[in-house]
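Me: I would like to learn how to read strand pairing, helix packing and contacts in a model. Please take me through one case.

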Amino acid sequence: MNFDELVGNFPALTITGLEQGAIYALVALGYTLVYGVLRLINFAHSEVFMVGTFTALWTWEALGYNQNSPSPAFGPLLLALLAGLAVAAIASAATAVTVELVAYRPLRRRNAPPLAFLITAIGASFVLAESFGIGTARAPFGMPTLIKSETVFTVFGAGVTNVQLLILGVTLVMMVGLDQFVNRSRLGRGIRAVAQDADTAALMGVNKNRVILLVFVLGGIMAGVAALLWNVRYGYTKFNIGFLIGLKAFAAAVLGGIGNLRGALLGGLLLGVAENYAAGLFGGDWKDFTGFVLLVVLLMFRPTGLLGESLGRARA
Amino acid sequence: MRQKLARVLSGVAISALVFGGAAACKADSGSEGGGSSAACDLKLGFFGPLTGDAAGLGIHMRNGTKLAIDQYNKENADCKVNLEEYDSQGDPAKAAPLAQKAASDTKVVGIVGPAFSGESEVADPIFNQVSLPIITPSATRPSLSTKGWKIFHRGVGNDTSQGPAAGRYIKNVMKAQKVYVVDDQSAYGAGLVDEVKKIIGTVAGEDKVQVKQTNFSAVVTKIVGSGADVLFFGGYYTEAGLLLKQLKGAGWKGTMVAGDGVNDANFISVAGQQVAEGTILTCPCAPATAAKGTFVTDYKAAFENAEPGTYADVSYDITKIFLEGIKSGKASREDLLAFVKAYNKAGGATGVTYKFEGTGELDPAQVLVWAFKVNAGKVVPDIEIPKA
């Protein structure tokens, strides 16, 4: 145990932990939304994220950037970011919808048991990851450093960079936007209605299948945004990049209370920070260990997560 | 139905046996007739990553092997040796079934590889059971030669030569003040870091990362906070590239030093040119681009003008050891093993005299370690690191 390392770098570990946690949170939203409505853990969601990282990279390559390009000026940068964002969000949403239409909907139509959904989800995840693995020769891909990381201000001696502010800012905007959408809009009311009681919602004239599709689209968009932020910050992707992030994001969703949007944010940030503290205290080899021990211990005391499972009940 | 299928299958199996046997007989009679002439249609295996994270390292070795075999087949068109590729993806978990496959294919009489230390731990015992001789061009974990595997040979120095040399380079050539060490907890990476620490003495700090880890923010914070001017990384190029990219992104100004697992062009494609610039990479080998004879021109001609990468020349030379054995009529695994054990000749590309000790280690007098530097997006030779 190395308390000096933890105490000395506490502010820096907190900031980088929050930044990683923000990406977990955005991916966690996809798990939470689908679980809230379908009571299904969509394991293919990690691959929805992976598709986002690749399509954003390809967009940048089409715009003439490679991993050795210098950081562009503000105008082209904004274009590259927005184009990457749009393509990643659309591609991720399309992947999520495809999985729903090809894999889950036929099962629902036949009233398949929950176990069938689970194994289908895992299968869909493998098919997506492996097809990208074969298509890209399982090679790692570096990316251009579009935004040169610069310290904007310091908190307790730890520099906060422009990229970190971007990640946290975008995550908060997406979170608030999604929360408001689900709680205030007409379509959002439909989502909450189906989450609470699908049959009654159907009797009230809510089109269940359309709501489910919407949930997959929303989760896909969030994963696409997370993928773009990932590319900007870490600048690297590979066919199996989704596996670990997906697992962490799923853990974050459970930690905050799966089915609960605000829980996903809280769980994501908490997991990101806790992992970093653990890496500081025990060394990097204990990072994943501590994250999951935290999850297990927390679930012992709060089996439904920090904020409870409540997509439907939150503000019904 | 099932019975019918079984009958068809057994029919196929029997006919395969008959034809296979006929072919074998033919080959045998050929070799008897020619006295000392070589057995035909034997196979040499290449065992290493051809896809996956570390494929960049494996492909050069496979190319070196392939070049040697292609040249042999051109000269011996009537009696060819075939290359059998075993793509382990560098993953010890995938090594066992592949090794079994090679062991049970009796046509395979020698293996170039396994390329990495982790997969060697899994595959070598399997080869040992069937006396299938191996010469690894690149697995540098020292303990591999102490397991009592009679089939094991190492065509390069091990980490007890590479690690201390890297340490001496950091200490004497770079004159580093504060050195931080990080390893990826692999058999290879952790071993290398241990050896470096022995030379350097007190380090500014140390940490471990995981293979496949992508977010290095915690270790980056620690390295920047420690004020280290040199980072030694024990591991492979994907993690090295990502770690260095995130370090430089956090404003770190120091230099990374890493071993042969990072000594590959893919390191630069993961990290990006600006980030990788100036990184020092060691290797218990001489620069393949400065190999002797016609190796470099032959390699470029055979593989679309690609520069030979790390260990391509070593792989070429050790493949030729096997080929020489086959040519002189050593058609069985046991005979070829004895041939390799007694070998004592200089390789055409490396100039290293391949003479193995009883443990399978290369004669220590033949081991040399070079430092390379990333310069303008290419890995170029720097200096041969002086022996202590």
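Reply: This is a predicted model. Begin with one residue pair: Tyr180(B) stands opposite Gly205(B) in E6(B).

Me: In which direction do E5(B) and E6(B) run, and how many bridges join them?

Reply: Strands of a sheet pair through backbone hydrogen bonds, either parallel or antiparallel. Here E5(B), residues 179–183, and E6(B) run parallel and are joined by four bridges.

Me: Now a pair of helices. At what angle do H2(B) and H11(B) pack?

Reply: The angle is about 95 degrees, and the axes of H2(B) and H11(B), the latter covering residues 295–302, are 11 Å apart. Angles from 65 to 115 degrees count as roughly perpendicular, and H2(B) and H11(B) are therefore roughly perpendicular to each other. On H2(B) the contact is made by Asn63(B), Leu67(B) and Asp70(B), and on H11(B) by Asp298(B), Tyr299(B) and Ala302(B). By type, the residues of this contact are three nonpolar, one polar and two charged.

Me: How is chain B divided into domains?

Reply: Domain 1 of chain B takes in 39–158 + 289–356, and domain 2 takes in 159–283 + 370–384. Their centres, taken over C-alpha atoms, are separated by 28 Å. Domain 1 of chain B gives 17 residues to the contact and domain 2 of chain B gives 18. On the domain 1 side, H2 (55–75) and H4 (117–129) of chain B each supply at least two residues. H4(B) has the largest share of that side, three residues. The domain 1 side divides into five nonpolar, nine polar and three charged residues.

Me: How many residues of chain B are in contact with chain A?

Reply: The size of an interface is often given as the accessible area lost when the parts come together. Counted by residues instead, 29 of chain B are in contact with 28 of chain A. In chain B, strand E6 (205–208) and helices H7 (217–226), H8 (237–249) and H9 (265–271) each supply at least two residues of the side that touches chain A. H7(B) contributes the largest share of that side, six residues. The side of chain B that touches chain A holds seven nonpolar, 16 polar and six charged residues.

Me: What share of chain B is buried, and how many helices and strands does the chain have?

Reply: Chain B has 13 helices and 13 strands. Of its 388 residues, 55% are buried. Among contacts in chain B with a separation of 6 or more, 71% are between residues 24 or more positions apart.

Key:
Residues are numbered from 1 along each chain as its sequence is written. Chains are lettered from A and ligands numbered from 1 in the order in which they are written. This is a predicted model: local features need pLDDT of at least 70, side-chain atom pairs count only at pLDDT 80 or more; totals for chains, interfaces and linings use all residues. Two residues are in contact if their C-beta atoms, placed from the backbone, lie within 7 Å. Ala, Val, Leu, Ile, Met, Phe, Trp, Tyr, Cys and Pro count as nonpolar, Asp, Glu, Lys and Arg as charged, and the others, Gly among them, as polar. Domain bounds come from an automatic or database domain assignment. Axes are lines fitted to C-alpha atoms, for helices over the stretch in contact, and angles run from 0 to 180 degrees between N-to-C directions. Angles under 35 degrees count as roughly parallel, over 145 as roughly antiparallel, 65 to 115 as roughly perpendicular and the rest as oblique. A residue is buried if 20 or more other C-beta atoms lie within 10 Å of its own, exposed if 12 or fewer, and partly exposed in between; C-beta atoms are placed from the backbone. Two strands pair if DSSP finds at least two bridges between them.
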